[in-house]
Amino acid sequence: MTKQTHSFQAEVAQLLHLVTHSLYSNPEIFVRELVSNASDAADKLRFEGLNNAALYEDNPNLEVRIAFDKDARTLSITDTGIGLTEQEAIDNLGTIAKSGTKDFMGELSGDQKADAQLIGQFGVGFYSGFIVADKITVESRRAGVPADQGVRWVSGGTGDFEVETIHRPERGTTITLHLRDDAEEYLNAWKLKSLINKYSDHISLPILMEKEEWKDGENDQPGSMVKTGEWETVNQANALWTRPKKDISQEQYTEFYKAISHDHEAPLTWSHNRVEGNTEYTQLLYIPGKAPFDLWNRDKKAGIKLYVKRVFIMDDAEALMPTYLRFVKGVIDSADLPLNVSRELLQESRDVRAIRDGSTKRVLSMLEDLAKQEDKTQYNQFYAEFGAVLKEGLGEDFGNQDRLAKLLRYASTQSDTPSVSLADYKARMKEGQDAIYYITADTLAAAKNSPQLEVFKKKGIEVLLMSDRVDEWSLNYLQAFDGTPLQSVAKGAVDLGKLQDETEKKAAEEAAEAFKPLLAKLKEALKEKAEDVRVTTRLVDSPACLVVQDDGMSTQLARLLKQAGQQAPESKPVLEINAEHALVKKLDGSVHFHDLAHILFDQALLAEGGLPEDPAAYVRRVNALLV
Ligand code: ADP
């Protein structure tokens, strides 16, 4: 049979370069990755075997064997799983099918430490073998195909790999690592057992190693361990989530999380339960400590693996978790679903809906527990990573809106960090205050310095500062908290209601009256830009600001929509002016009235992070006045 040489997909070559140039701080994880692939291969056979028992051929055993050869310096991992055809070996071991691979490559910075972190999240799977090996041989035969259609795949982990057809009586795959000089430590049974114990104990598949025994040396030669030809199972070989909680250590839970999430770091918290009732299932759900690089991709699948009666059914079972909880990782094992359940079927199943509701509630209570802790470090960490995603839930999960609203945290005029809950805010409301005030802007700094806050600052009324992109949208769905309405300070006329005293109210009315002629002139001058011009009491130091009509879309949201290439309804803002301001007082009777009016409007736009429609005209006008 002839050998064919193939090139790796460019992304794989790039990844391999990083892997082999020791980006890994933790080389031993290759054991976890390769054993996990073997376990996936067994899962696939178990699944396909449900409808086609012939795939088992004459060997019903699903298992992994790990062997090493000190003289040849090789370590091999053999499974009796589904195996690979020649074409599958070329496709699956030469390209990365994972969605987002290109994005991922784009995120790499060239800074080794940062990249090592990222790559850990991405999960290099099979290619992790090249951390310790300078050559990998894969021999495989797919279950159900004839013995003369086996395949051998060989690569040194640089630009290309070779493939040839071989004769292989056993189904499944053997991966042989030709270890580098500095990876000799893995040629040791004790070391390997301890790694299996650490990383792969939770795998439901038996992992076997050949027993060794001590043999004294002859003729004064030192003794050594020799293989006995007898194989023993070296892991517990039952899926972690099926064991009683009390038998699982913190470390085992953590390692299991790392194995299923490709995260280097420990999770923030987890919850492991058997749920009984109408639908029966086991859930083991984790909240990660760090957001993955593709968190913002709403198409990103949920991180839930679905099992039915311990048979693996699918990864990324999105029907089991709402989109706004897509950061949750874990396993759900159902006792009721049919084994042949498909993604389409999952969408419609009543059992699935019950599992999803139950799991959503479980995640929310985990978060509530974190939020309740005396020490807020963990909740703050969670919120910094995932708070913005959680907010999507306001519009997505009406049933849990009250619970979600309690979990939200915002920065405010009294706190630079997002640590103010709506309940905290309510507790601090001023006598006579009947709304929760907030402002949205592109950045925290823009929100904090917005002219619209001036009167609130002066009166010491707290305002929530919102700068997440999702805030504006999500607040459409949260009109009130615990009976108190939420009110944007940039919408409608300010009505401070009882917070304003009588003299202030009177002064405002008089100013409005006195300014009537000026307002009419301004309105005429700005009729293309402003819906209305009026006098306001919300400003203290600034001459003017823009607000939207009560029922209008905020300028911030309109801008976001336009940036995203979407149609935003054309609505003109209202210009509000500060009757007390020197610039405004100068306006009337000025020969530059027209230019000043436009400058006033454009500055108000700039102050809230927008851009004048015609920036050059703005600059011309200001310069003309400066000269
Ligand atoms: P992932 O497992 O995340 O898909 P890997 O790089 O680990 O990525 O593996 C790539 C593909 O190679 C797998 O999806 C699978 O199709 C195939 N593969 C790897 N190891 C095995 C194995 N032991 N048996 C069968 N197929 C395997």
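The dialogue below goes through a predicted model, one feature at a time.

Q: Into which domains is the chain divided?

A: There are domain 1 (4–236), domain 2 (241–377), domain 3 (420–490) and domain 4 (502–626). Between the centres of domain 1 and domain 2, taken over C-alpha atoms, the separation is 27 Å.

Q: Which residues surround the ligand?

A: The shell consists of N37, A41, K44, D79, L84, N92, L93, V124, G125, F126 and T173. By type, five of the shell residues are nonpolar, four polar and two charged. Helix α2 (residues 29–49) gives the largest share of the shell, three residues.

Q: Which side chains place a polar atom by a nitrogen or oxygen atom of the ligand?

A: A pair of N or O atoms within 3.5 Å is taken as a polar contact. D79 has a polar side-chain atom 2.9 Å from a ligand nitrogen. For T173, the distance from a polar side-chain atom to a nitrogen of the ligand is 3.4 Å. N92 has a polar side-chain atom 3.0 Å from an oxygen of the ligand.

Q: How much of the ligand does the protein cover?

A: The size of an interface is often given as the accessible area lost when the parts come together. Here the ligand on its own has 530 Å² of accessible area, and the protein covers 77% of that.

Q: How is a strand read, and which residues of β22 are buried?

A: In a regular strand, side chains alternate between the two faces of the sheet. In β22, A544 and L546 are buried on one side, and C545 and V547 are buried on the other. Both faces of β22 are therefore covered, given that buried means under 20% relative accessible area.

Q: Which strand is joined to β22, and in what direction does it run?

A: Strand β23 (residues 574–577) is joined to β22 by four bridges, and the two run antiparallel. One of the pairs links A544 with I577 of β23.

Q: Where is T536, and is its side chain buried or exposed?

A: T536 sits in the loop between β21 (532–535) and β22 (544–547). T536 counts as buried because its relative accessibility is 9%, under the 20% cut-off. The T536 side chain also reaches the backbone nitrogen of R538, at 2.9 Å.

Q: Where is A435, and how far is A435 from T484 in sequence and in space?

A: A435 is in the loop between α13 (422–427) and β17 (436–440). With 7% relative accessibility, A435 counts as buried. A435 and T484 are 49 residues apart in sequence, while their C-alpha atoms are 5.7 Å apart in space.

Q: What are the corresponding distances for V420 and L606?

A: V420 and L606 are 186 residues apart in sequence and 28 Å apart in space, C-alpha to C-alpha. V420 belongs to strand β16 (residues 415–420), and counts as buried because its relative accessibility is 3%.

Q: What separates Y199 from I577?

A: Along the chain they are 378 residues apart, and their C-alpha atoms are separated by 66 Å. Y199 is part of helix α6 (residues 189–199). Y199 counts as buried, at 3% relative accessibility. I577 is the residue of β23 already named as the bridge partner of A544.

Q: Are D220 and K309 exposed, partly exposed or buried?

A: D220 counts as exposed because its relative accessibility is 80%, and the cut-off for exposed is over 50%. K309, with a relative accessible area of 48%, is partly exposed.

Q: Where is H264, and how accessible is H264?

A: H264 is in the loop between α7 (250–261) and β10 (269–275). At 31% relative accessibility, H264 counts as partly exposed. H264 and D336 are 72 residues apart in sequence, and 34 Å apart in space from C-alpha to C-alpha.

Conventions
Residues numbered from 1 in each chain as written. Predicted model: local features only at pLDDT ≥ 70, side-chain atom pairs only at ≥ 80, totals over all residues. Heavy atoms only, no water. Near = heavy atom within 4 Å. Polar contact = N/O pair within 3.5 Å; in protein donor to acceptor, adjacent residues only side chain to side chain. Areas by Shrake-Rupley, 256 points an atom, 1.4 Å probe, with all protein chains shown as cover. Nonpolar A, V, L, I, M, F, W, Y, C, P; charged D, E, K, R; others polar. Domains from an automatic or database assignment. Buried < 20%, exposed > 50% of the residue type's maximum accessible area, 1.4 Å probe, protein only. Pairing = 2+ DSSP bridges.
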